[in-house]
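Have the sequence and the structure open, and let's walk through the helices together.

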Amino acid sequence: MKALKKIAVSLFVAISLASASTAFAKNPTGEEVKVAIDDTVAKVEESIAAIEKGADNEAVMSLINDARQLQKNISNNELDLKRNKASSKLKAARIEASKNEMQASGQLLKEALAGFQEIKEIYAKTH
């Protein structure tokens, strides 16, 4: 009887995990990916403009964090490698901004922007 209960509980847990993982693995639509790319590019451009206007490092870091959150919605197998590279530039730019190294942060943001613009072009060609 105990063995039967253990098997039933194990089976229930396995089925629950399997159904939960498929429920959370929603693939974004093409329009959602396009919006995420556009929003990320706009936020990186806003970050660069803030540095050029002499904004303090807290404001720049906040903008970079926003861009990093937005870029997470760029979920497409064709673009993941390029997104990861551009994302690492955003992370490095945030670190430089936290050290109040705005020139280095600005340069990294420009590199990230180029990466996200490349993603935008690739996505536009394929969708």
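A helix axis is a line fitted to C-alpha atoms over the stretch in contact, and angles between axes run from 0 to 180 degrees between N-to-C directions. With that in hand, the axes of H4 and H5 come within 8 Å and cross at roughly 160°. Please keep in mind that this is a predicted model.

**The overall picture**

- The protein has five helices and zero strands, which gives the pattern α-α-α-α-α when read along the sequence.
- Of the 127 residues in the protein, 31% are buried.
- Among contacts with a separation of 6 or more, 72% are between residues 24 or more positions apart.

**Where H4 meets H5**

- Angles over 145 degrees count as roughly antiparallel, and H4 and H5 are therefore roughly antiparallel to each other.
- Their crossing is left-handed.
- On the H4 side, the residues that meet H5 include Lys 82, Arg 83, Ala 86, Ser 87, Lys 89 and Leu 90.
- On the H5 side, the partners include Leu 108, Leu 109, Ala 112, Phe 116, Ile 119 and Ile 122.
- The residues of this H4 and H5 contact divide into 13 nonpolar, three polar and six charged.
- The loop between helix H4 (80–98) and helix H5 (102–126) holds Asn 100.
- Asn 100 is not a glycine, although its phi is positive, at about 65°.

**Where H3 meets H4**

- Helix H3 (residues 57–71) packs with H4 at an angle of about 165°, and their axes are 9 Å apart.
- That angle makes H3 roughly antiparallel to H4.
- H3 passes H4 in a left-handed crossing.
- The contact of H3 with H4 is made by seven nonpolar, five polar and four charged residues.
- From H3, Asn 57, Val 60, Met 61, Ile 64, Asn 65, Ala 67, Arg 68 and Gln 71 take part.
- Their partners in H4 are Arg 83, Ser 87, Leu 90, Lys 91, Ala 93, Arg 94, Ala 97 and Ser 98.

**A closer look at Arg 83**

- Is Arg 83 buried or exposed? Arg 83 has a relative accessible area of 15%, and because buried means under 20%, Arg 83 is buried.
- Beyond its neighbours within four places in sequence, Arg 83 is in contact with Gln 71, Lys 72, Ile 74, Phe 116 and Ile 119.
- The side chains of Arg 83 and Gln 71 are joined by a polar contact of 2.9 Å.
- Along the chain, Arg 83 and Ala 112 are 29 residues apart, while their C-alpha atoms are separated by 9.2 Å.

- Leu 63 belongs to helix H3 and counts as buried, at 12% relative accessibility.
- Which residues does Leu 63 touch, not counting those up to four places away in sequence? They are Lys 43, Glu 46, Ser 47 and Ala 50.

- Helix H2 (residues 30–52) contains Ile 48.
- The relative accessibility of Ile 48 is 10%, so Ile 48 counts as buried.
- Setting aside residues up to four places away in sequence, Ile 48 touches Leu 109, Lys 110 and Leu 113.
- Ile 48 and Gly 106 are 58 residues apart in sequence, and their C-alpha atoms are 5.9 Å apart in space.

Note on methods
Residues are numbered from 1 along each chain as its sequence is written. This is a predicted model: local features need pLDDT of at least 70, side-chain atom pairs count only at pLDDT 80 or more; totals for chains, interfaces and linings use all residues. Side-chain values use heavy atoms; hydrogens and water are left out. Helices (H or I, at least four residues) and strands (E, at least two) are DSSP runs, numbered from the N terminus. Buried means under 20% relative accessible area, exposed over 50%, partly exposed in between (1.4 Å probe, protein chains only). Contact means heavy atoms within 4.5 Å. A polar contact is a pair of N or O atoms within 3.5 Å; within protein, one must be able to donate a hydrogen and the other to accept it, and residues adjacent in sequence count only if both atoms are side-chain atoms. Angles under 35 degrees count as roughly parallel, over 145 as roughly antiparallel, 65 to 115 as roughly perpendicular and the rest as oblique. A crossing is left-handed if the near helix is turned anticlockwise from the far one by less than a right angle, and right-handed if clockwise. Ala, Val, Leu, Ile, Met, Phe, Trp, Tyr, Cys and Pro count as nonpolar, Asp, Glu, Lys and Arg as charged, and the others, Gly among them, as polar.
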